[in-house]
Amino acid sequence: MSREFESLAQSSVEQESQKELPKHFDAMVVLGHIWPEHPRGKSPEEFKLKLSIESKMAVVAAAEMFKNKLTSKIIFSGGKTAGQAYPSEDAEMVRYLKQKYAEIPDEAIILEETSIDTAENAERVAEILKERPESSHVS
């Protein structure tokens with residue numbers, strides 16, 4: 001990498017880091033992360049899906065933001081990436097959230113259960129946000 005490019009990149013990063021973030025986000029988006037193990041043709045009776053550590057960390061981060069009044073809603077995005085016989089990623093993340101943070105009300109949770117990759121996560125969440133014009137600050 002050239003020194004000129006490196007200097008320009010560093011300047012851009014410094015400018016971005018000086019911008020002040022909103023004190024409150026209307027919604028926090030939590031994307032599913034691929035299952036650490038995949039059933040590969042096994043039935044739900046033969047194989048129990050487990051959330052990845054990345055998904056668990058994202059759930060905890062969103063819950064802590066909610067508890068600390070930094071966000072009003074949590075949007076979970078992730079479909080049935082293991083197959084139709086298995087739960088969606090977002091349903092499993094919500095199940096995990098409720099195990100760890102039962103006090104977070106259902107009204108604060110929005111599910112997007114149809115996406116199967118990051119591009120679809122973005123498209124479906126954008127549709128949800130269009131339906132909710134009050135959500136202007138999203139993390």
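Two strands pair if DSSP finds at least two bridges between them. Helices (H or I, at least four residues) and strands (E, at least two) are DSSP runs, numbered from the N terminus. This is a predicted model, in which local features need pLDDT of at least 70 and side-chain atom pairs count only at pLDDT 80 or more, while totals for chains, interfaces and linings use all residues. Residues are numbered from 1 along each chain as its sequence is written, and side-chain values use heavy atoms, with hydrogens and water left out.

**View 1. The open sheet has three strands in the order β1-β2-β3.** The pairing is parallel. Strands β1 (25-31) and β3 stand at the edges with a single partner strand each, so one side of each has no neighbour in the sheet. On average, neighbouring strands are turned by 20° against each other, direction ignored; axes are lines fitted to C-alpha atoms, for helices over the stretch in contact, and angles run from 0 to 180 degrees between N-to-C directions.

**View 2. Strand β2 (residues 71-77) pairs with β3 in the parallel sense.** Four bridges join the two strands. Opposite F76 stands L111 in β3. Helix α2 (residues 53-67) packs on the sheet and touches β1 and β2; contact means heavy atoms within 4.5 Å. The direction of α2 makes about 160° with that of β2.

**View 3. The largest nonpolar core has 24 residues.** Such a core is a set of buried Ala, Val, Leu, Ile, Met, Phe, Trp, Tyr and Cys residues joined through side-chain atoms within 4.5 Å. Buried means under 20% relative accessible area, exposed over 50%, and partly exposed in between (1.4 Å probe, protein chains only). V30, I74, F76, L97 and I104 touch the most other members. Two or more residues each come from β1, α2, β2 and α3 (89-100), and α2 gives the most, with five residues.

**View 4. E112 lies in strand β3 (residues 109-112).** E112 is buried yet has no salt bridge, that is, a side-chain nitrogen of Lys or Arg within 4 Å of a carboxyl oxygen of Asp or Glu. R124, the nearest side chain of opposite charge, is 4.7 Å away; Lys and Arg count as positive and Asp and Glu as negative, while His and the chain ends are not counted. Leaving aside neighbours within four places in sequence, E112 is in contact with residues including F76, D90, N121 and I128.

**View 5. K69 is found in the loop between α2 and β2.** K69 is not a glycine, although its phi is positive, at about 60°. K69 is exposed, with a relative accessible area of 64%.
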